[in-house]
Amino acid sequence: MEAASIELFVNAIVAGLLLGGFYAAVSVGISISFGMLDVVNIAHPAFIILGSYIAYTVNARFGFDPILTSVVLSPLFFALGLLLYRIYYLCFEKRGQESLRGLAFFFGVLFITEVTLVLIFGVDYVQARTAYTDATERIAGIDFPLRLVVPFFVSLAMVIGLQFFLTRTFFGRAVLAVAQDQLALRLMGVDPVRVKGLAFALSIATAGVAGALLIVILPVQPSIGREYIGLVFAVCVLGGMGSIWGTLVGALVLGTAESFTATFFGPSWAPAVSFGLLLATLAFRPAGLFGR
Amino acid sequence: MKFRSMLAAALGAIAFSTTVAAQQPLKIGFGMSLTGALAGNGKAALIAMEQWRDDVNAKGGILGRKVEYVYYDDQTQPASVPALYTKLMDVDKVDIVVSGYGTAVIAPAIPVMMQRNMCFMTLFGLNPNGKFNYDKYFQIMPAGPQPGVGWTQSFFDVAMAMNPKPKTVAIVGADAEYPHNALDGARVHIKKHGLKIVYDKTYPPNTVDYAPIVRAIQATNPDLVYVASYPPDTAGMIRAANEVGLKTRMFGGGMVGLQYASLRTQLGPLLNGVVNYEMYAPEVSKKFPFLEKIIGKYQERAVKEGVDPLGYYLPPYAYAMMEVLGQAITATKGTDQAKLAEYIHKTTFDTVVGKVAFAKNGEWASSRVLMVQFGGIKGNSLDEWKGPGRITVLGPSEYKTGNVRAPFQDNRK
């Protein structure tokens, strides 16, 4: 009986960490756009779903792995992000109207993207098929479902790659600088608008990859993105605005809390515990776990 | 003379207005899930309802009036439903209203109907009228006069026929109207059969990973696992059962989504051994000869519109719902809501889903929910499902084609 309880406990932790890895992937883009650039991109989940459908289409037609497809097609999402930021900047940010009108703009983008997906793909649930979708490795009584393990490692690679990029490259440091002081950056001879545009494009590129992870994990339909709006901002805030490591740790914390609660106390309590943790963390560390 | 002229003019005006009214379209209003979690079924239902409208209009309409729909997307959002139906009645001035698909969007419409004394035909809600007891409510889903009980009856009848009899059961469902009502019905049977509940919880509908839930269920070693779920959680629970290696004698019961093509093809062999409710199966097609007509026409259009290409679940009943309404309007010669309700209560209708009669509470007079077990599924192709061979009908007895293969996990070997 005790061995079974330990096995249940360890499985709950492992499942939570795997889930948290996925949460990190869907949230890291918001950490850049909202955490660093102060752009409330409420349409971020819609781009995740767009990424899901593109990955699904290539997978269904040609049999290519959806995650590899998303990496190859990430420049397209990057370009889309550039275009979107350009419109946002010219229409709202440049005129000082980014707060409420900018938010409304992204709501509009969310709904337009959703409706476009409905018109093109229909409303039925779809899911990508891969060699690892239904496979599970069992090691010492611990389950490792590959549809969660593979996205976990891809997410980890994406987060580590982003952190490296932001801290070790000139452009990455320019993004961190624009988050701190745009005027100072301009005085250094760097155009903050250009930097923000490229950073925003990077956040949309991560959404494309996150979408591929999503459609490996569970079935998707066009309006499912709305269910992730609260989660992505919660992870960003919990981790600390603009902190990539914070996003990863925050996501792992939320995923583990959700899994642990679902296993031992009932799944209905999981959102309450997760968001209760968020509130408790903010009460003691208003800047989030890794925020300054 | 003057009086006769005025009388003639008045009679002429009345005759003219009657003719004009008769030529005005018969407007039927409803909300339907065209986006959101239940849109797959909503769009499929809409196709069938439009089929009925087109069939009726091809024969000259009802009482000489062409049928016209006025509908809006309820986005599978219950909060949008009251305002939507208020607009249909107050602004669009529809003559008749019917419901959208599903318990979650039917329940919030009922108070609006009660306020306006409207006759309300509804599409696949599990006991949404249980608390309102509205006398003009009618349900086309064949769950029987006690819907929650009738819905879950076959699962527990099949389970208790196993030897040895099961002793323990785990019940789990989404935090939503339908699963709550289904689990209430399950508890009635559990109490009746003296089963012990070892797990009884609900989960948020937007749960991503269901493995912790299934693992917690496994830890209680239940003989039976009854699940009441919507399509995304149905897929999640079945995947989780596979990943955790769930061991139980029977698994399934009230999982919405397994009735249509998208989930069947996605899950493929993972469905082997799952026991679940159905409205129709090709294996018993001879018992439902009237369905061939509607399913064939539906399938042609469904493929073009990117909705469920099989159409075994909702479309026939959506068509039948409109048939009941159409026959009632014809028989009562108008759209008087009280007369329609009275007529529907006392009449047995001939429809594409067979004879339909209603109990006092507006539900079907008797239950006709099939309980089936999936088996022999080898791949993920739609072709596996187009004919008989993947489904064993376990009950009710008049439709039975075989016995349950237990335990559940042995079906995966």
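Which residue stands opposite G253(B) in β10(B)? In this predicted model, the position opposite G253(B) in β10(B) is taken by N276(B). The pair belongs to the contact between strand β9 (residues 250–255) and strand β10 (residues 275–278) of chain B, which run parallel and are joined by two bridges. The description below places this pairing in its sheet and then turns to the remainder of chain B and to chain A.

Strands β9 and β10 of chain B are part of an open sheet of seven strands, ordered β7-β6-β8-β9-β10-β13-β14, in which the pairing is mixed. The edges of this sheet are formed by β7 (196–203) and β14 (391–395) of chain B; each has a single partner strand, so one side of each is left without a neighbour in the sheet. From one strand to the next, the twist averages 25°. Helix α9 (residues 231–244) of chain B packs on this sheet, where it touches β6 (168–174), β8 (224–229) and β9 of chain B. The direction of helix α9 of chain B makes about 150° with that of β8(B).

Chain B also contains an open sheet of five strands, with the order β2-β1-β3-β4-β5 and parallel pairing. Here β2 (67–73) and β5 (137–139) of chain B stand at the edges, and because each has a single partner strand, one side of each is left without a neighbour in the sheet.

At the level of domains, chain B is divided into domain 1 (22–142 + 292–356) and domain 2 (147–278 + 375–412). The centres of the two domains of chain B, taken over C-alpha atoms, are separated by 29 Å. Contact between them involves 14 residues of domain 1 of chain B and 17 residues of domain 2 of chain B. On the side of domain 1 of chain B that touches domain 2 of chain B, nine residues are nonpolar, four are polar and one is charged.

Chain A comprises eleven helices and two strands, which follow the pattern α-α-α-α-β-β-α-α-α-α-α-α-α along the sequence. Its radius of gyration is 19 Å, close to the 19 Å that the globule rule gives for 292 residues, so chain A is as compact as a globular protein of that length. The C-alpha trace of chain A spans about 65 × 50 × 35 Å along its principal axes. Of the 292 residues of chain A, 53% count as buried. Among contacts in chain A between residues at least 6 apart in sequence, those joining residues at least 24 apart make up 78%.

The two strands of chain A, β1 (residues 136–139) and β2, run antiparallel and are joined by four bridges. In β2(A), F144(A) is the bridge partner of E137(A). The hairpin of β1(A) and β2(A) has two residues between the strands, and A140(A) takes a positive phi near 50° there. In a regular strand, side chains alternate between the two faces of the sheet. Strand β2 (residues 142–145) of chain A has a covered face with D143(A) and P145(A), whereas I142(A) and F144(A) lie on the uncovered one.

Key. Residues numbered from 1 in each chain as written. Chains lettered and ligands numbered in written order. Predicted model: local features only at pLDDT ≥ 70, side-chain atom pairs only at ≥ 80, totals over all residues. Rg over C-alpha atoms; globule rule 2.2 N^0.38 Å. Buried ≥ 20, exposed ≤ 12 C-beta atoms within 10 Å, placed from the backbone. Contact = placed C-beta atoms within 7 Å. Pairing = 2+ DSSP bridges. Domains from an automatic or database assignment. Nonpolar A, V, L, I, M, F, W, Y, C, P; charged D, E, K, R; others polar. Axes fitted to C-alpha atoms, helices over the stretch in contact; angles between N-to-C directions.
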